[in-house]
Amino acid sequence: MSTAPEPAAPGAATAPDRAAAAGPATATATAADRIRGRAAGRAPAPLSILDLATVGSGHTAGEALAATTELARAAEGWGYHRFWVAEHHGMPGVASSVPAVLLAHLGAHTRTLRLGSGGVMLPNHAPLAIAEQFGLLEALHPGRIDLGLGRAPGTDQGTARALRRGLADGAEDFPRQLAELTHFLDGDFPAGHPYARLEAVPRSTSRPPVWLLGSSGFSAQLSARLGYPFAFAHHFSAANTVPALDLYREGFTPSEVLEEPYALIGVSAVAAESRERALWLARSAGLGMLRLRQGRPGPIPTPEEAAAHPYTAAEEDFLESWLANVVLGTPAEVAEGLEALRRRTGADELMVTSHIHGHENRLASYGLIAEAYGLTAAAG
């Protein structure tokens, strides 16, 4: 990552002009309108971005957050549908530890891009606190906020214990916490409930759509039962993607939120001018993941560091297995790979993530994917 945010790619500089012409997002859209994305350009399904405010080796969290801000503005100009940030803790390579704070900042630097959490790890927080945070975000940026919720800690168990001090039973208590959160968001606790007289403030006339996130079947089934949209973490649980989506679709119950299931999948994708360079860039993320799995989290290493690392046979096997689930190559190859994945999984939306070293590399990767799908022409 560069020591300062790179200039926006061609087209990003005119994003405010295009946004102003399109007009601000409204809070009057139906729940389904705010969930179901719109395909743009030649893309057969909506394309979105998951960002982790990546901190590369040799750079600071401040530089990473400035780069994420620039990336969000560029994504809006290119025509991506939504931009989510994820809660992680104790990971030097990830600066998005508090999604609500970062989303408020990104909302002030964009006009029409949907912004959301991918996700907030609900067991780490009191449901009332999340209702207040996202009620405030919705008041600041009406009609543009998504509330994606996960039940994993987003960190190691020691950090999770520190975060959850005084809270209830963690992930096992997720359905109750979710129900409490939605009652706070809607202001509709039943009479006689201990919280019936409490109010999450601010609370606007509309509320952010709630998404459930998952990497196994639990959240797929819960999301189906509630009639909620579902986001699956294909980028780190690829073997479970199709089974989880099948559970979601087969068990889906229509609700006031959605009449039919709607599922997006997170996908690691790296585009560059050649397949060789894309692989070279992706290996930096792979080494970062390897170190995380070994209990040695750190900033994302440089591609040079990843190329020079003396991998053991077991480490090489891990890296190859991890890279097998990254869609990488030239823009055309990435678009072809993403379309094959969409067809295989039946995903309604693709959310790409390029968790690689170097803001200029990440910006270029997302820009090339947008060009491959004709998003930039559609946004212009």
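Here are some notes on the predicted model shown above, point by point.

1. Let me start with the overall picture. The protein chain has 380 residues, and 52% of them count as buried. Its secondary structure comprises 15 helices and nine strands. If you take the contacts between residues at least 6 apart in sequence, 76% join residues at least 24 apart. The accessible surface comes to about 15,500 Å², and carbon and sulfur atoms account for 55% of that area.

2. The largest nonpolar core contains 77 residues. Inside this core, the residues with the most contacts are Tyr80, Phe83, Phe134, Leu147, Leu149, Leu178 and Leu338. Strand E7 (residues 263–271) gives the largest share of the core, with six residues. Another core lies apart from this one; it has 17 residues, including Ala278, Leu281, Ala306 and Leu319.

3. Phe83 deserves a look of its own. Leaving aside residues up to four places away in sequence, Phe83 touches Ile49, Asp51, Thr68, Leu71, Ala72 and Ala75, among others. Its list of partners also includes Leu106, Leu113, Arg114, Leu115 and Gly116.

4. The aromatic rings are worth a tour, with 10 aromatic pairs in the structure. How are the rings of Tyr80 and Tyr366 arranged? Their centres are 6.4 Å apart and their planes stand at 85 degrees, so this pair is edge-to-face. The two partners come from distant parts of the chain, 286 residues apart. Tyr80 sits in the loop between helix H3 (61–78) and strand E2 (82–85), while Tyr366 belongs to helix H14 (residues 359–372). Both Tyr80 and Tyr366 are buried, and Tyr80 is also among the residues with the most contacts inside the largest core.

5. Phe230, Phe232, Tyr248 and Phe252 are linked into a cluster by ring pairs. Elsewhere, Arg151 lies over the face of Phe218, at 3.9 Å from the ring centre.

6. Please also check the backbone at a few places. The peptide bond from Gly118 to Gly119 is cis, with omega near 5 degrees, and Gly119 is part of strand E3 (residues 114–121). Val201 and Pro202 are joined by a cis peptide bond too, where omega is about 0 degrees. Pro202 is in the loop between helix H7 (174–186) and strand E5 (210–214).

7. Ala53 is another backbone point to inspect. Although Ala53 is not a glycine, it has a positive phi of about 45 degrees. Where is Ala53 found? Ala53 belongs to the loop between strand E1 (47–51) and H3. Is Ala53 buried or exposed? Ala53 has a relative accessible area of 0%, so it counts as buried.

Definitions and conventions: Residues numbered from 1 in each chain as written. Predicted model: local features only at pLDDT ≥ 70, side-chain atom pairs only at ≥ 80, totals over all residues. Heavy atoms only, no water. Helix = DSSP H or I, 4+ residues; strand = E, 2+ residues; numbered from the N terminus. Buried < 20%, exposed > 50% of the residue type's maximum accessible area, 1.4 Å probe, protein only. Contact = heavy atoms within 4.5 Å. Areas by Shrake-Rupley, 256 points an atom, 1.4 Å probe, with all protein chains shown as cover. Core = buried A, V, L, I, M, F, W, Y, C linked by side-chain atoms within 4.5 Å. Phe/Tyr/Trp six-rings, centres within 6.5 Å; stacked < 30°, edge-to-face > 60°. Lys NZ or Arg CZ within 6 Å of the ring centre and 35° of its normal.
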